[in-house]
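Please read it alongside the sequence and the structure shown here.

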Amino acid sequence: MTTEKEERTLNFIEQFIEEDFAAGKYQGHVHTRFPPEPNGYLHIGHAKAITVNYGIAQRYGGKFNLRFDDTNPVTEDTEYVDSIRNDVLWLGAKWDNECYASDYFQQLYDFAEKLIEKGLAYVDDTPKEEMEVMKGDPNRGKPGTPSVYRERNIAENLDLFRRMKAGEFPDGARVLRVKGDLASPNMHMRDPIIYRIKHAHHHRTGDAWCIYPMYDFAHGQSDSIEGITHSLCSLEFIHHRELYNWLIQNLEIFPSRQIEFARMNVEYMLTSKRKLMKLVQNNVVTAWDDPRMPTLAGLRRLGYPPAGIVEFCERAGVAKRDNLIKYELLEFCVREILNKSATRTMAVLDPLKVVITNYPAGQVEMLPIENNPEDPNAGTREIPFGAEVFIEREDFMETPPPKFFRLSPGEHVRLKGAYIIRCDEVIKDTGGEITELRCSYVTNSRSGSDTSGIKPKTVIHWIAPQGAAQAEVRLYQRLFSDPTPDSHEGKDYLDFINPNSLQVISNALVDAKLMDVAPGTQFQFLRKGYFTVDTESQPGKPVFNLTVSLKDSFKP
């Protein structure tokens, strides 16, 4: 993430901040926050929120809080708290303060009593379903109907609210609402609920509370308590801003400013926690960290480097209107990072045996090959070469079409870092399947000292059995076959699950030196793609995930 203010065009959030400074607000200070609910795993949309909030704080030399909005004890768990911490750190964001909305439960309660004392909040006994109907319909110009409890006196409201806190009433029996504007075109201003009864154990406060603040009440007031100057959130909260400001004004507290920006909508990805949960519960994926999931845990396991995700968020920019971002841009950013960092190696996913008939039987020579041409300090390694090697089955065709420049009968190819070979004979089994190729090599064609004069049109990768071992390779594709799977009327997003989103290869041949590499280690399998060692790997039994292909026609 950018760590200093750059000489560039300001985005609209930075323009608002500059306007605030020019007006003498906040003493030229910026303090932002990332406020996730600890009820699920973070996803690609949260990555955008993190990079925007943390990036703004960094550019202005300000502060950044990680605040857990833990106001719903039924859905929250310390498992999610831990995973969120790990994800935020993984993206490179370092918070100045770790906070919890539950830290402010007493202060929020006191704020609620203040609203009651000012005649701006009341306890309502109206059943939930009836209350929804009474709110009216602004789309039809129908105002809300006042509750019969709206004019309760201050003393009665205080008494009932304190008894709610004391646990006298069951869940759903009463709520606390603010007196907004029942004719407002904004439903959030039609006497919204700010407290409800919920007898549930809280992951931090235990059983100390049985009433909990609603999001709209806890969020803005927590911002104010922490001195958040600019509350940056996604566009879906634009209709919440009026209530956000109303509460700050009537509570007479620090005036945090809410600013909305477009959420991160990416092709072929969903960011609804409810829909992602359904994928896990229906066993469409194995878990929240399945590499096909858009969760940060899933993307990390797939092998996406954090720098690639941050670069993607920054390239996507900060917009005022929702838009759909190309999935290829994300892959491009990941590929750019891995191209510079991933060690090169050769692996054969669908092996076809090649016997080099004129190479001395039993002889093995070691050939140098570069570890990473993008990194001059990466050095070289040596790989064995002998009379038997394996190539990809797709790199040979017995009857090739025009412009097929790989191996075919009578044609030459170069084996990467080794010699030029020519196919002389094709061996098949009784079913007609090719089982072996008999080839000859050009003795004076060794890479780096070739004097043969032969110019093959293609270089292919290979592996020798002396330096190979079997490993599992998982080829992942997009989970959905449609770029917007949840946008089709009359269809469920599950109708667009890609049946080929995972292909497991159990007998791939990889460099034997990779058998004990640590999970998360990344490689470029030459000509195949970038691969990451999966978390399910065990010593001697590695599993490699296809992170991203080598090339794409996309240009940012």
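A crossing is left-handed if the near helix is turned anticlockwise from the far one by less than a right angle, and right-handed if clockwise. In this predicted model, α11 passes α12 in a right-handed crossing. Local features need pLDDT of at least 70, side-chain atom pairs count only at pLDDT 80 or more, and totals for chains, interfaces and linings use all residues. Residues are numbered from 1 along each chain as its sequence is written, and side-chain values use heavy atoms, with hydrogens and water left out.

**Confidence**

- The protein chain has a mean pLDDT of 95 (the predictor's confidence in each residue, from 0 to 100), and 98% of its residues reach 70 or more.
- Residues 1-6 have pLDDT below 50; this stretch has 18 contacts in the model beyond near neighbours in sequence (contact meaning heavy atoms within 4.5 Å).

**Sheets**

- Helices (H or I, at least four residues) and strands (E, at least two) are DSSP runs, numbered from the N terminus, and two strands pair if DSSP finds at least two bridges between them.
- Six strands form an open sheet with mixed pairing, in the order β16-β13-β19-β18-β17-β20.
- At the edges of this sheet stand β16 (388-392) and β20 (459-460), each with a single partner strand, so one side of each is left without a neighbour in the sheet.
- Within it, β13 (residues 351-356) and β19 (residues 434-441) run parallel and are joined by four bridges; V355 has R438 in β19 as its bridge partner.
- A four-stranded open sheet has the order β4-β5-β6-β7 with antiparallel pairing.
- Its edge strands, β4 (121-124) and β7 (211-213), each pair on one side only.
- Neighbouring strands of this sheet are turned by 20° against each other on average, direction ignored.
- Three bridges link β6 (residues 193-197) to β7 in the antiparallel sense, and Y212 in β7 is the bridge partner of R196.
- Helix α6 (residues 154-166) lies across β4, β5 (175-178), β6 and β7, at about 60° to β4.

**Helix packing**

- Axes are lines fitted to C-alpha atoms, for helices over the stretch in contact, and angles run from 0 to 180 degrees between N-to-C directions.
- Angles under 35 degrees count as roughly parallel, over 145 as roughly antiparallel, 65 to 115 as roughly perpendicular and the rest as oblique.
- The axes of α11 (residues 306-316) and α12 (residues 327-341) come within 8 Å and cross at roughly 135°; the two helices are therefore oblique to each other.
- In this pair, A307, G308, E311, F312, R315 and A316 of α11 meet L329, L330, F332, C333 and I337 of α12.
- The residues of that contact divide into eight nonpolar, one polar and two charged, where Ala, Val, Leu, Ile, Met, Phe, Trp, Tyr, Cys and Pro count as nonpolar, Asp, Glu, Lys and Arg as charged, and the others, Gly among them, as polar.
- The axes of α4 (residues 105-117) and α6 come within 9 Å and cross at roughly 160°, which makes α4 roughly antiparallel to α6.
- Their crossing is right-handed, and the contact of α4 with α6 has six nonpolar, two polar and four charged residues.
- The axes of α7 (residues 215-226) and α8 (residues 241-251) come within 9 Å and cross at roughly 60°, which makes α7 oblique to α8.
- The crossing of α7 and α8 is right-handed.
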